[in-house]
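Please look over the sequence and the model below. A short report follows them.

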Amino acid sequence: MLKDYVFTSESVNEGHPDKVCDQISDAILDGFLAADPDSRVACEALIKTGLVVIAGEITSRGRVEFGEVAKEVIRDIGYVSPVTGFSCDTCAIVSAIERQSLDISPGVTAGDGKEQGAGDQGMMFGFACDETKEYMPFAIYTAHRIGQRLAEARKSNLLPFLRPDGKCQVSVEYRDGSPVRAHTVVVSSQHTPDVPNGTLKEAIVEEVVKKVVP
């Protein structure tokens, strides 16, 4: 096994379309679990300019207003004006939610003397490690923190020309199996069209990257 290598991880910002969809689905799940802890929620979201589609199968005694939840998530992220390419106040919401299939329910319902089945399966990559106090690998932890710092700088108006969408890629150099330094950091951020590239680069390096990368 290699002991000297470079390992790369990527993280998308809260305003990236993939992450917006995740946050909408998570908020809907949270709403149902708050109203009914026994809720069964299989909910996905899809977004395009001016449109949010919420689809899936949900069985619950609770009630959640999908449109209100989705728009609140979008507002919290920072999409509050059409000039950003997406707006919580003008986007359309399409809901395609049904009750859980009766064919699935018996397989995932526990009973007397009956094991509870799994509703889905998946393959995972990752493990806890001692590279950070959060027990996460240094590369993905740093990429997440840079994304969080971008959001903080934008929402506090420290860097008012930033917009919600973006992503970060961090490559970490390992020697003898341990991280020794950040080898490469790539940051991509949506921004207002009037900010000069030099100003944007300097601001992100000084106020974002250097505040996170040791």
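## Basis

This is a predicted model, in which local features need pLDDT of at least 70, side-chain atom pairs count only at pLDDT 80 or more, and totals for chains, interfaces and linings use all residues. Residues are numbered from 1 along each chain as its sequence is written, and side-chain values use heavy atoms, without hydrogens and water.

## Domains

The protein splits into domain 1 (4–15 + 129–211) and domain 2 (17–102); the bounds come from an automatic or database domain assignment. Their contact (heavy atoms within 4.5 Å) takes ten residues from domain 1 and ten from domain 2. The C-alpha centres of the two domains lie 27 Å apart.

## Helix α4

Helices (H or I, at least four residues) and strands (E, at least two) are DSSP runs, numbered from the N terminus. Helix α4 has 18 residues, 138–155. At 1.5 Å a residue (times one less than the number of residues) α4 should span 26 Å, and its end C-alpha atoms are 26 Å apart, which agrees.

Just after α4, Asn-157 takes a positive phi of about 70°.

## Largest pocket

The largest pocket has a volume of about 290 Å³. Its lining has 13 residues; Phe-7, Phe-125, Phe-127, Pro-137 and Tyr-174 lie nearest the centre. Strand β1 gives the largest share of the lining, three residues.

Key: 1 Å grid on protein atoms, 1.4 Å probe; cavity = no way out; pocket = protein on both sides within 12 Å on 5 of 7 lines; lining within 4 Å. Points joined across faces, edges and corners; volume = space filled by probe spheres on them.
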